[in-house]
Each structure stands twice: as C-alpha cells, then as structure tokens.
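Please read the following note with the sequence and the model open side by side. The points are numbered so that each can be checked in turn.

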Amino acid sequence: MSNRAPLAIGKPLLFLALALPALWLVWQWLAFAAGAPHHLGFNPQETSNRFSGLWALRCLLLTLALRPFSQAIGRPWPLALRRMTGLYAFAYALMHLSSYLGLDLLFDWKTFTRDLLERPYIGFGMATLALLLPLALTSTRRAVRRLGARRWLALHRLVYIAGILAVSHFLLLAKGDLREAQIYAALIAGLLLLRIPRRYFLRDIRGQRAQGPANG
Amino acid sequence: MLIRRQEAWMERESDVTPESLYRNRRELIRGLGAAALAAPLLGCGPGGETTEKEADAPAGRYAGVPANSRYRAEDAPTDYEAATAYNNFYEFGTGKSDPARHAGAMVTDPWSVRVEGAVERPGTYAFDDLVRRSDLEERIYRHRCVEAWSMVIPWIGVPLATVIARLGPTADAKFVQFETLADPAVMPGLSYPVLDWPYVEGLRLDEAMHPLSLLAVGLYGRVLPNQNGAPLRLVVPWKYGFKSIKSIVAIRFLERQPATSWNRAAPHEYGFYANVNPEVPHPRWSQASERRIGEFRRRKTLPFNGYADLVAPLYAGMDLRRNF
Ligand code: HEM
C-alpha cells in the first residue's frame with residue numbers, strides 16, 4: 001500500500017481527535033467563567049490539572065508507540081504522524097503548566113518556586129517539559145537539515161527520557177492508589193523494551209548475513 | 001436561537017441540581033440561620049419547629065436539632081451538593097464521585113457498634129443506644145482534607161466525650177481506636193488493597209474527650225448520606241480529614257497508641273496526630289494553602305485549621321514537626 005492513502009485520511013482525523021480534549025477543556029473553563037453549568041466538577045483546578053496532564057502523557061505515549069506500530073504492520077506511514085503527536089504532547093504539557101501555574105496558583109511565583117525546589121514530582125514534571133521544548137523547537141524539516149540527520153535523531157531520542165520522567169512524575173504524585181500511574185509506567189517500559197532488543201536483533205541478522213547465505 | 005440556548009442550559013442545570021433539592025437547600029440554609037439565632041435565645045430544644053416544610057421522610061429528621069453557637073464557623077457552609085458528591089471514602093472507590101455512586105448499597109439501619117478493650121461497659125451497642133436524640137446538636141465546622149481542599153459543614157452529632165463518658169473507660173485506657181465497616185459485598189474498593197482494610201483510626205484519650213470532638217450522625221439537618229460516613233462518623237476538625245473516620249463499627253479503648261490506616265500505608269507522609277499545620281508540608285505537596293470547595297482562589301491554611309485556641313494546649317511541649 002502506498003504511504004499516501006492512510007495518511008491522507010489518518011492525519012487530519014488524528015489531528016482533530018487530539019484537538020478535541022483541549023477544545024473540551026477550554027470550553028469547560030469558558031462555561032465556568034460565564035457562570036454556566038460545566039463539567040469541571042467541585043474542584044475545577046484539580047480536574048483541569050489532571051485532565052491536561054493525562055493528555056500530555058497520552059500523546060507522549062502515542063508518539064512512542066508509532067514506531068513499534070509501524071513495524072508491527074510493516075508499513076512506514078505511522079512514522080509520519082510522530083511530529084504531530086509529539087507537538088500535541090508538548091502543547092498539552094504547556095496547557096497543563098498553564099492550568100497549574102495560572103488557574104490553580106494564580107501565578108503565585110513564590111509558591112511555584114518552592115514547589116519546584118521542594119516537591120520532587122513538580123521537578124520531574126518541569127524536567128519533562130524542559131526536555132520536550134528542544135524537541136518541539138527542532139520539529140521542522142529545516143531543523144533536521146540544519147542539525148544533520150544523525151544529530152537530530154540523537155536529540156530526538158530524548159523523547160524516551162521524557163517518557164520516563166513523565167511517568168515518574170505521575171507515580172510520585174499519586175496518593176494511595178497507584179494503579180493508573182502504574183499502567184502508564186508499564187506501557188512506557190514496554191515501549192522502551194521493544195526499542196532495545198530490536199537493535200540487538202538487527203545486529204544479529206546483519207552478522208548472519210555477513211557470514212553466510214540469508215535464509216530468505 | 002437565544003431562547004433555545006437558554007433551554008438547553010436550563011436542562012443541564014436541572015440535571016445537576018434537581019430543583020426540589022435546590023429549593024430544599026435554600027430553605028434549609030435559611031432554616032439553619034434561624035435555628036442558630038433562636039437556639040441561644042429560646043433554648044430551642046429537640047422537637048422544636050422543623051424548618052423544612054416538604055420534609056420527605058428521613059431527609060429532615062434532624063431539622064429541629066439545636067445549634068451549638070459556641071461551635072459555629074463564621075465561614076459560609078459549602079453547598080450541600082458538593083459536600084455530598086465530592087468525597088473520599090476509599091472503601092467505595094478512590095475517585096471523588098465513587099462514594100456517592102456506590103455507597104447507596106450500604107445498609108445503615110440496623111447498625112451496631114462493638115465497644116471493646118479497657119472500658120467498663122463493653123458490648124455491642126445498637127445505634128440508638130449509643131447516640132441519644134436528646135444529646136444531638138448542630139455545629140458548623142471547617143473540614144480540611146490532607147489533599148489541600150476544604151469545606152465548611154453543618155454537622156449534627158453528639159460530643160464524643162458524652163458517649164465515651166457513658167461507656168466508662170478504665171484507668172488503663174490511654175487511646176481510642178475506631179474501625180470502619182469492611183463489607184466486600186457492598187464496598188467495591190475493598191477488592192484492591194490501597195489500604196490495609198478495615199480502615200482504622202485513633203485518638204489519644206484526651207483528644208477524644210476534647211469538647212470539639214464530635215460523633216456525627218447528620219449534616220445540613222439531615223441524616224448523614226452514606227457517602228459521608230453514615231450512620232455514624234467521627235469529626236475532629238483540627239485534624240486532616242482522614243482522621244475523621246466514617247461508618248464506625250467498632251470503638252476500642254487501648255493502653256497503647258493504636259495503628260492507623262494511612263500511617264501504616266505511608267508512615268513518613270501521614271502521622272498519628274495529623275493536626276492541620278501549614279508549616280509542615282506533606283512530603284509531596286505544600287499544606288500552606290487550601291482550596292475551599294466553591295471558591296476560585298486558594299486560601300491560607302490556619303494552624304489547627306483555625307481551632308488553635310481550643311486545642312493547642314493538648315500538644316503543649318510537643319515537637320509538632322516530629323509528631324506530624
Ligand atoms: C511543567 C511542569 C509540570 C507541572 C508543574 C506539573 C504539575 C502537575 C500537577 C500539580 C498535577 C496534579 C496533581 C494532583 O492533582 O494530584 C499533575 C498531574 C499530572 N501531570 Fe503534571 N506537571 C508538569 C508537567 C507534566 C508533563 C510534561 C506531563 C506529561 C507529559 C505531566 C503529566 C501529568 C500526569 C499524567 C498527571 C496526573 C493526571 C491524573 O492524576 O490523572 N505533567 N502535574
């Protein structure tokens with residue numbers, strides 16, 4: 001199958017789908033501000049912080065999952081979605097930070113700095129965002145050319161570190177019930193494991209090829 | 001178009017707040033104010049005028065209970081809906097709306113409480129033998145959760161000291177432990193060991209005997225909804241909410257400091273005392289401020305949740321950073 005067909009439909013669809021949670025959240029806050037009924041619950045800031053954080057993590061996870069998915073179906077087209085999903089992860093992370101710093105702390109910088117210094121989970125969150133920033137900034141084709149493919153790829157491997165930091169952030173903030181955070185941690189760990197043996201595996205095949213006739 | 005939009009709006013509103021409940025709440029709040037004013041002037045006793053006209057059987061059962069004006073937080077009470085729909089009661093699930101969703105299955109009548117340990121009159125007490133209607137009073141307390149949110153609740157209850165005095169702790173009794181119902185048939189949360197069930201909490205005997213400590217059976221003039229810990233719960237307003245154990249099935253008088261559930265689960269995060277203290281952060285978040293449910297801005301958290309003048313003497317000479 002050509003690379004074009006699934007992307008032509010899939011990309012705009014995914015773009016829309018991933019925009020929906022953000023639009024929903026903005027809509028709910030607008031309703032809240034207007035004094036209209038909303039679905040932010042009795043603790044709107046808590047709902048908003050959690051909702052945006054969860055979607056940042058989901059987009060990150062999706063970005064990491066696209067390569068193994070592409071390998072599983074034996075088609076390259078999912079790889080071309082990674083820039084979009086990665087940028088969504090960054091956008092949701094920014095929304096998440098705005099929700100916490102803006103709507104929850106009302107830009108109380110003193111509390112925010114104390115949080116950053118004293119609460120490991122906030123530090124992990126900030127570090128995740130800090131890692132996603134250079135990736136977002138170098139997400140253009142021009143940046144790939146400017147950096148050179150090798151360096152660009154090396155830089156963008158940071159996304160795995162971002163994934164680890166993001167689930168650490170989640171695990172550290174959960175109170176009592178860690179199940180949801182553990183599920184995300186397991187997914188990230190699984191995706192990392194998929195990434196590592198593959199390279200060894202490829203090396204083995206290459207080694208075999210060099211030694212003798214290939215088996216197929 | 002404007003009209004249609006308004007219709008949709010109103011539909012959604014009535015979804016969230018059934019009108020009867022909304023009206024009830026307004027009347028109720030007005031009623032509470034009147035009762036509070038009348039109580040000190042007229043010595044308005046139980047069986048006085050009910051403030052709820054449409055008293056649908058159990059709802060207004062405690063409507064005539066006199067308010068104790070000594071214990072009346074200045075702050076406006078939290079919306080009834082919020083107080084009864086945003087709860088932590090992990091036996092019914094860890095989500096804030098899980099208790100309201102699942103707790104209805106819990107049977108609270110008949111109810112009995114086992115009284116054990118260093119006490120003169122141990123035994124199994126029926127609810128009505130433990131809580132006498134004539135002892136009931138209303139108190140408006142601030143309620144501060146360890147998760148940094150807070151509410152203001154008009155409770156109906158009996159001073160814990162009154163109940164304890166009747167049970168007669170012996171000289172050996174230095175602590176009181178309370179235990180929550182643990183019935184897997186109605187409590188879906190028990191299937192996962194977030195905590196070591198059954199939930200247990202405890203107080204030093206002098207804390208339990210302090211006049212602020214309340215055994216609550218109702219709120220907003222009504223019987224306690226199940227999700228709020230029906231039919232009988234502790235309320236210790238100067239401590240984080242998890243100390244105010246819900247749906248009590250056992251009270252034990254002990255010589256040694258009892259185990260408490262959150263402390264057992266994470267000893268460095270949740271102490272035995274758990275007094276509200278803005279100076280001592282939870283290891284993972286600050287306790288300096290709180291979100292009062294219904295308010296947009298955070299407010300400053302007060303030492304002992306604003307009850308320092310009443311309870312600070314209990315802890316004279318203690319290092320509250322170590323005994324957090
Ligand atoms: C920029 C710095 C960040 C700050 C200050 C921050 C802060 C927070 C806060 C305050 C919460 C809510 C805690 C609670 O209500 O109990 C939260 C939850 C969360 N955050 Fe962050 N965060 C940051 C970055 C991130 C990033 C980059 C990600 C993911 C890519 C992320 C993922 C999450 C997740 C998954 C949750 C939990 C959602 C849930 O409970 O359902 N955070 N974060």
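1. Surroundings of the ligand. In this predicted model, the ligand is surrounded by 21 residues, and the closest of them are Arg50(A), His96(A), Tyr100(A), His169(A) and Leu173(A). Sorted by class, this shell consists of 14 nonpolar, six polar and one charged residues.

2. Four helices of chain A, namely H2 (44-73), H3 (82-104), H5 (120-137) and H8 (158-173), each contribute at least two residues to the shell around the ligand. The largest share, seven residues, belongs to H2(A).

3. The iron atom. Which residues coordinate the iron atom of the ligand? They are His96(A) and His169(A), each through its NE2 atom, at 1.9 to 2.0 Å. The two residues link distant parts of the chain: His96(A) sits in helix H3 of chain A and His169(A) in helix H8 of chain A, 73 residues apart.

4. Geometry of the iron site. The iron atom of the ligand has six donor atoms, and the angles among them run from 84 to 180 degrees. The site is octahedral. For comparison, the ideal angles for six octahedral donors are 90 or 180 degrees.

5. The side chain of Arg50(A) has an N or O atom 3.0 Å from an oxygen atom of the ligand.

6. Cavities. How many cavities of 30 Å³ or more does the structure hold? There are three. The largest cavity contains about 390 Å³ of space. Its lining comprises 27 residues, of which Asn88(B), Phe89(B), Gly241(B), Phe242(B) and Lys246(B) are the closest to its centre.

7. Lining of the largest cavity. Strand E5 of chain B, residues 149-159, gives the most to this lining, with four residues. By class, the lining of the largest cavity is made up of 16 nonpolar, seven polar and four charged residues.

8. Cis peptide bonds. In chain B, the peptide bond from Asp109(B) to Pro110(B) is cis, with omega near 5 degrees. Pro110(B) belongs to the loop between helix H4 (98-102) and strand E2 (112-117) of chain B. The bond from Trp197(B) to Pro198(B) is cis as well, with omega near -5 degrees. Pro198(B) is placed in the loop between strand E6 (175-180) and strand E7 (200-204) of chain B.

9. A positive phi angle. Tyr220(B) is not a glycine, yet its phi is positive, at about 50 degrees. Tyr220(B) lies in the loop between strands E8 (214-219) and E9 (222-223) of chain B.

How values were computed:
Residues numbered from 1 in each chain as written. Chains lettered and ligands numbered in written order. Predicted model: local features only at pLDDT ≥ 70, side-chain atom pairs only at ≥ 80, totals over all residues. Heavy atoms only, no water. 1 Å grid on protein atoms, 1.4 Å probe; cavity = no way out; pocket = protein on both sides within 12 Å on 5 of 7 lines; lining within 4 Å. Points joined across faces, edges and corners; volume = space filled by probe spheres on them. Nonpolar A, V, L, I, M, F, W, Y, C, P; charged D, E, K, R; others polar. Near = heavy atom within 4 Å. Polar contact = N/O pair within 3.5 Å; in protein donor to acceptor, adjacent residues only side chain to side chain. Donors = N, O, S within 2.8 Å, 3.2 Å for Na, K, Ca; no water. Tetrahedral: all angles 85-135°; square planar, octahedral: opposite > 155°, others 65-115°.
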